[in-house]
Amino acid sequence: MERKNILFVFGTRPEVIKLAPVILELKKHPDKFNVIICNTEQQKELSNQTLSYFGLSADINLDVMKPNQSLLGVQTRILSALDGVFSELKIDATIVQGDTMTVLCGALASFYNKIPVFHVEAGLRSYDIYEPFPEEVMRQMTSRVAELHFAPTEKNRQALLKENILDNKIHVVGNTVIDALFCLSEATMKEAAEFYQNQGIKINDRVVLITAHRRENHGERIDRIIDAIKYLAEKYSDHTFIIPVHPNPNVKNKIHERLGSYENIKLLQPLDYPYLVYLMKNAKLILTDSGGIQEEAPSFGCPTLVMRYETERQEGIDAGVSVLVGADYDKIVSLSEKTLSDTRENTRLKASNPYGDGTSAKQISLIIDKYFAQI
């Protein structure tokens, strides 16, 4: 088989985390695949920082972001930049992951150039185009042009079949985020522990990890979430509430203004991937609106309250490893109290992770190899 040029297009930290295992796996076969890494830099610092953790760097950096861009402006800039990439390079396939603006643009640019798109983490659906916004529409649109759909679960496969995606184009492989967790070495975990010691943050069995950044949680919703955190921090003053604060000013300013004075609330900069994993591994409770954390937390048995009204990761809800609470003050408080009033040992979850077993990247590599062998 002729060596194939495989273009990975991503722009955010979660995309890097979930694509890094696939990149590393394909790089094991240089006789078959020439891997080209393109970072749109939708999240410039976060994406590049995370790439370096995996020992990777981008071959192409597009630097598309400008202050206060509209969604339409971001899309226009990414598509325009990718047009230059596809005009200069011969690409045999494009790999995208998830549901960001970069994913949609990577898929569209490939489609316009009649290049097959391989979609990692395909088939997630909430069926509400405004929850999550704009990601639900982006992943649905990406599915319309993808050639191979790497679905994390059977539920995702069924969603794609209902949308008339051909069965032979869908492959249930688990989620690559679980592969990424297994990349963490003991030395990396030790470095993470030292990071918190240097910050003066004691990591014990009374740590609560909180992340809140999604666009639909801006405005009144973030106020209700902050109200709940204030109540919990005051009632459980012996617990440490750690919040890596997203740089979006709609979130950052309110969190710092209203929570910055509490001694047991630690407001941090966005965390490098292994430092976040270290917190998930040690947390007693997680409150989050993140998609990735919903998938990762079950590997550590940590109870997780999902601060969203809809989730495309229903498997965790069905398995009982996470609970949907939205931005509902009463739900957040009452369910948090249930965990925080007991010991960490007693509240650990026993269910296995419904999202994967750490072999997804290897499966994807074999499927891609077979795909090219057949055409």
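In this report, helices are DSSP runs of H or I with at least four residues, numbered from the N terminus. The model you are looking at is predicted.

Helix H6 spans residues 154–162. Arg157 and Glu154 form a salt bridge here, with their closest N and O atoms 2.6 Å apart. The two residues are 3 residues apart in helix H6, so about one helical turn separates them. An α-helix has 3.6 residues a turn, so residues three or four places apart point the same way. Arg157 counts as buried because its relative accessibility is 19%, under the 20% cut-off. Glu154, at 38%, counts as partly exposed.

**Salt bridges across the chain**

The model has 24 salt bridges by the rule used here. Side chains of opposite charge can pair when their charged atoms come close.

| Pair | Closest N to O distance |
|---|---|
| Arg157 and Glu154 | 2.6 Å |
| Glu163 and Arg125 | 2.8 Å |

What does the salt bridge between Glu163 and Arg125 link? This pair links distant parts of the chain, 38 residues apart. Glu163 sits in the loop between helix H6 and strand S7 (170–172), while Arg125 sits in the loop between S5 and H5. Both Glu163 and Arg125 are buried.

With a relative accessibility of 46%, Lys235 counts as partly exposed, whereas Glu337, at 18%, counts as buried. Elsewhere, salt bridges that share partners join Lys18, Asp99, Glu121, Glu136, Arg139, Glu295, Arg308, Glu312 and Arg313 into one network.

Let us turn to helix H4, which runs over residues 101–112 and has 12 residues. From its first C-alpha to its last, H4 reaches 16 Å, close to the 16 Å expected at 1.5 Å a residue. Is H4 largely enclosed or largely open? Of its 12 residues, 10 are buried, so the rest of the structure largely encloses the helix. Among the buried residues are Met101, Val103, Leu104, Cys105 and Leu108.

Which elements do the buried residues of H4 pack against? Their partners are the strands S1 (4–10), S4 (93–97) and S5 (117–120), together with the helices H1 (13–27), H3 (71–88) and H5 (135–145).

The two ends of H4 each have a detail to look for. At the start of the helix, a side-chain oxygen of Thr100 comes to within 3.2 Å of the backbone nitrogen of Thr102. Just after H4, Lys114 adopts a positive phi of about 55°.

**A surface patch and a buried glutamine**

Gln294, found in helix H12 (residues 291–296), counts as buried at 1% relative accessibility. Its side chain makes a polar contact with the side chain of Thr311, at 2.9 Å. Beyond its neighbours within four places in sequence, Gln294 is in contact with Val306, Arg308, Thr311, Arg313 and Tyr355. Arg308 and Arg313 also belong to the salt-bridge network described above.

Terms used
Residues numbered from 1 in each chain as written. Predicted model: local features only at pLDDT ≥ 70, side-chain atom pairs only at ≥ 80, totals over all residues. Heavy atoms only, no water. Expected span 1.5 Å × (residues − 1). Buried < 20%, exposed > 50% of the residue type's maximum accessible area, 1.4 Å probe, protein only. Contact = heavy atoms within 4.5 Å. Polar contact = N/O pair within 3.5 Å; in protein donor to acceptor, adjacent residues only side chain to side chain. Salt bridge = Lys/Arg side-chain N within 4 Å of Asp/Glu carboxyl O.
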